[in-house]
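Please view the sequence and the model together before reading on.

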Amino acid sequence: MEPTKRVPPYLPFKTFLSSLDALSHGVPPKLDRTLWRSQSGVTQGLIMNAYRFFGLVDDEPDASDSSTDYLDKMAKHPDKRPEVLRFLIEAQYEPILEKHDLTKMTLKMLEDAFEQAFS
């Protein structure tokens with residue numbers, strides 16, 4: 001079986017944060033789109049993709065979309081979100097961050113780096 005292509009998240013940051021707020025009452029052991037009924041189906045899919053990309057849910061076939069400790073921490077402790085999110089961003093974007101100085105890249109160079117890192 002061919003590995004699934006990892007796609008970086010593409011949704012408004014505010015939408016991502018509000019999706020975490022929806023879990024403040026408790027994080028279910030397995031997530032699905034019904035948690036965000038007020039969002040469109042497309043947005044629900046984008047949220048799930050972001051959660052998978054950052055490891056907030058386990059996307060392995062035998063544990064599909066099971067919540068992780070990172071998600072639990074971010075949902076239950078909003079004050080810890082910045083540090084957890086920074087760790088997850090640095091971990092997931094490491095292929096780009098370790099090879100490039102983002103302050104000296106054009107948009108095209110960044111797009112090429114994304115294409116190379118995540119295809």
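## Overall architecture

In the protein chain, 52% of the contacts with a separation of 6 or more are between residues 24 or more positions apart, a contact being heavy atoms within 4.5 Å. The model is a predicted one, in which local features need pLDDT of at least 70 and side-chain atom pairs count only at pLDDT 80 or more, while totals for chains, interfaces and linings use all residues. Residues are numbered from 1 along each chain as its sequence is written, and side-chain values use heavy atoms, with hydrogens and water left out.

The protein chain contains six helices and two strands; these are DSSP runs numbered from the N terminus, helices being H or I of at least four residues and strands E of at least two. Read from the N terminus, the order of elements is α-α-β-β-α-α-α-α. The radius of gyration of the protein chain is 15 Å, close to the 14 Å that the globule rule gives for 119 residues, so the chain is as compact as a globular protein of that length. This radius is taken over C-alpha atoms, and the rule is 2.2 Å times the number of residues to the power 0.38. Along the principal axes, the C-alpha atoms of the protein chain fill a box of roughly 40 × 40 × 25 Å. Of the 119 residues, 29% count as buried, where buried means under 20% relative accessible area, exposed over 50% and partly exposed in between (1.4 Å probe, protein chains only).

## Helices α1 and α2

Helix α1 (residues 13-21) and helix α2 (residues 41-54) have axes that come within 10 Å and cross at roughly 80°. Axes are lines fitted to C-alpha atoms, for helices over the stretch in contact, and angles run from 0 to 180 degrees between N-to-C directions. On the α1 side the contact is made by Thr15, Phe16, Ser19 and Leu20, and on the α2 side by Thr43, Ile47, Ala50 and Tyr51. Five residues of this contact are nonpolar, three are polar and none is charged. Here Ala, Val, Leu, Ile, Met, Phe, Trp, Tyr, Cys and Pro count as nonpolar, Asp, Glu, Lys and Arg as charged, and the others, Gly among them, as polar.

Ser38 lies in the loop between α1 and α2 and counts as exposed, at 75% relative accessibility.

## Salt bridges

The whole structure holds six salt bridges, each a side-chain nitrogen of Lys or Arg within 4 Å of a carboxyl oxygen of Asp or Glu. Among them are the following.

| Pair | N to O distance |
|---|---|
| Arg81 and Asp21 | 2.9 Å |
| Glu90 and Arg86 | 3.0 Å |
| Asp101 and Lys104 | 3.9 Å |

Arg81 belongs to helix α4 (residues 81-92) and Asp21 to helix α1, so their pair ties together parts that are 60 residues apart in sequence. Arg81 is buried at 10% relative accessibility, whereas Asp21 is partly exposed at 41%.

Glu90 and Arg86 are four residues apart in helix α4, and are therefore separated by about one helical turn. Glu90 is partly exposed at 38%, and Arg86 is exposed at 55%. In the remaining pair of the table, Asp101 is partly exposed at 40% and Lys104 is exposed at 65%.
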